[in-house]
Amino acid sequence: MIKVTNFSKHYNGFAAVKDLSFTVAPGQILGLVGPNGAGKTTTLRALCGIVPPTSGHLSIADHDIVKAPIAAKHNLGYIPDDPRLFDTLTVWEHLAFTAAAYKVADFEESAEELLRSFTLSHKRDTLVHNLSRGMRQKVAIACAFLHNPKAILFDEPLTGLDPDGIRSIQQAIRERASEGAAIIISSHLLSLFETLCTHLMVLNLGECRRFGTMSDVLAEFGQSDSNSALEAAYFTITQEKERGDV
Amino acid sequence: MDAALLKLLVMRMRGGLRLRLMQVISLRGALFLLAMVGIVWLLVASRDTIPNAELLDIARFDPEAIHARISTFMPLGLLGMTLLTVVLTTGPSFHYSPTEINFLFVGPFSRRDLILYKFIAYAAGAGLSAALIIPFAQAQTGSVLTAFLAAFLTLLFVQLNSAAAGMAWQAFEGNRLARLKWPSMAVLFVFAVGAIVYAAAAPDQTIFDLLSELRHSWIGTVILIPYIVFTELFLARTQSSHLAFWGIMAVLINVALLWAVVRLDGRTSERSLKDNARLSDRWERMKQGGSFWATERIEVRSIPNAPTLAGVGPIAWRQAIKAVRNSSKVIAVFIVVAACAGPLAAVVGIPITDDRALVMLLFFFAFILPRTLICDFRGDLSRMETYKMLPIAPWRICMGQLVVQVLLAYIVALTMIVSVLLFEDRLTAPVALALALFALPLTFLIYAVENTIFLLFPAKLVPMGRADFEFLGRAVVEFIVKMVIILVAVSAAAGVGTFTFMTLRTTWVLPGMAGWLTMILITGLATIAMQYAFRRFVVAEAFD
């Protein structure tokens, strides 16, 4: 369960996120969409405990990320938009460290299984700086999945992946959700939301413009072609405020 | 500290070692390592036969004089570093890479664990650095163990002290009294300038006498107490009780500072995150061959376009923009340093023609300046594809790339010549004019050689962490090659000048012109070599 209540984040007086509240229940996949600078990454980084909130509460599996950060982080997996890994370590060493960090006993079998599912088995002992961006993305995801987190946050998860990689990661996200993980995906790829998400939140200028189930948001715009409907919904919602301001 | 972080440290150190071994077993890595080891060995082995060996080996000075100097000036130097940290702190006290932020900040670790993790990583590096310092400190401390301990504890202190001072200042910044920072600094600056002027005016006192008096006064001793502890470590020689006492004091100070850093971290974590991101951007830029410093302004005024000059203009224009926007601070620092050369030489009492001063000047112009101020091919490794595609003749591209770099270095050289002319009686105006004339082709030659080597053997401009033997070896070999070429060029110019003088038996004007023209000819040849290297450069091979 991911719960955000009245979350705001200010940088030197500039409000990156304003009074955001939402909940992602186990099994749900929330798509976070919005133009650049809408506050998506700030929200994810605050949920991870990387940036402290200016006000409000954020909790992961009922643990407040500010008051009980370690308990919250034990239940969290985060895949950043740019998969940075430790250059001098191999793929397997990343998994070994992650297992130690999250106290995963006898991790070898699950780690091997993750490597197999992401077709990384043959890269087990490769230094990560020799991997392509897509491969590094897969390693980051494998590390995030290793401790079976109850909440998983993806920031642009499909960037740099080949079609096989996209399919395997979409499949993995579905599986994690069906096993009870609460998932948030931030992306600019509207088609990704269409195929994966159960819920949708549209952010613009740090504010929530729409939040609901995918079918509700699409139904509101009444289009039969689902891709066009999502696109129409996105542009209509993000431009509403701008038109209103004129 | 969390066991997982300890495991990560061990794995990272093992990984670092693995990479170094992989470097060394490659032919290039082995050759550069051998070159570096050989040169260091030559320096050490030949110190008894070089007449001015004291340039490289302080042990040849009077040991008691060195002892007194360390006792007096090391605490002052450490205090100066602390003040500079407070004034200039713009970066984080402990730098976390983006990887560490993404992996560790999200992981189930407390901030205290992360600080300890970083501290242990730094301590391991400090241990390595201390081992490298041993040969230089051993003559003073008496044994390998004392040299290592003194260097290790002092390096830890420098890092922790900078971190604590910087974080304390960041935590204090919101306070109303923080507004007094710059006025206080201005008062200190005026006081320092006043002391320098007083020392210069007083016939029987130098600035060092004043500093020595301050250090040994009761107020100076009180202010410098923490720094004196670390100084005493270097002065302990082999007296075990002396060493044990100051060693324990040093450890206690370091522990107290580490505690302060952990306590202060909570108040500065957000600022630290922002600074980390900025520092990481800088390193990324440097890895791409860019400048460490870069403008943080979002919108900037454009510089008027240069005349085309058949292609040379636009290339030089781009480098000029880069210099103005990214390197203006570095250029300003170098010009100030050059302007201070004359007064400094006068205050210290070392004439600019002294061997030590000449070696320092050579090192400054042939190594420090070219390695720090980069506005040519060396900073454009990731843009070589663009240069290769341009419909401009290679020699014009080479000239365009060199123009700004050479002019900037030449301005620094001219500033130094003028500064020395004003403060050094031995340097007459005609000699200064000759130096100014010869400095231009010489500067051009330095950068043409620097770029030719870079184009023939492209490599990164930043080392791969500590103990990057290939990088260090390469830097030493490049410096030696550059020195040999400059020596040959200067000898040729001097030879032609002398020959002209012997033949014509005239004033020094004609021989000087002959020598100068010889230098110009040599720079022309260097440009041809550089153009060849640019033609030969293969983009794909440089991006391994």
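In the predicted model, helix α6(B) passes helix α9(B) in a left-handed crossing. The two elements span residues 144-172 and residues 218-235 of chain B, respectively. Their axes lie 9 Å apart. The packing angle is about 160 degrees. Angles over 145 degrees count as roughly antiparallel, and α6(B) is therefore roughly antiparallel to α9(B).

Residues from both helices build this contact. Helix α6(B) supplies Leu149(B), Ala150(B), Leu153(B), Thr154(B) and Phe157(B). Helix α9(B) supplies Phe230(B), Leu233(B) and Phe234(B). Sorted by class, the contact of α6(B) with α9(B) has seven nonpolar residues and one polar residue. No charged residue takes part in it.

Chain A contains an open sheet of six strands. The strand order is β6-β7-β8-β3-β9-β10, and the pairing is mixed. Strands β6 (76-79) and β10 (207-213) of chain A stand at the edges. Each has a single partner strand, so one side of each is left without a neighbour in the sheet. From one strand to the next, the twist averages 15 degrees.

Within the pair, Ile79(A) stands opposite Phe154(A) of β7(A).

Helices also meet the sheet strands of chain A. Helix α1 of chain A, residues 40-48, lies across β3 (29-33), β6, β7, β8 (182-186) and β9 (199-204). Its direction is at about 145 degrees to β7(A). Helix α6 of chain A, residues 163-178, packs on the sheet as well. This helix touches β3, β7 and β8 of chain A. Helix α6(A) makes an angle of about 150 degrees with the direction of β8(A).

The contact between the chains takes 21 residues from chain A and 21 residues from chain B. On the side of chain A that touches chain B, the elements giving two or more residues are α2 (69-74), β6 and α3 (91-101) of chain A. Helix α3(A) gives the most, with four residues. By class, the side of chain A that touches chain B has 15 nonpolar, three polar and three charged residues.

Technical notes
Residues are numbered from 1 along each chain as its sequence is written. Chains are lettered from A and ligands numbered from 1 in the order in which they are written. This is a predicted model: local features need pLDDT of at least 70, side-chain atom pairs count only at pLDDT 80 or more; totals for chains, interfaces and linings use all residues. Axes are lines fitted to C-alpha atoms, for helices over the stretch in contact, and angles run from 0 to 180 degrees between N-to-C directions. Angles under 35 degrees count as roughly parallel, over 145 as roughly antiparallel, 65 to 115 as roughly perpendicular and the rest as oblique. A crossing is left-handed if the near helix is turned anticlockwise from the far one by less than a right angle, and right-handed if clockwise. Two residues are in contact if their C-beta atoms, placed from the backbone, lie within 7 Å. Ala, Val, Leu, Ile, Met, Phe, Trp, Tyr, Cys and Pro count as nonpolar, Asp, Glu, Lys and Arg as charged, and the others, Gly among them, as polar. Two strands pair if DSSP finds at least two bridges between them.
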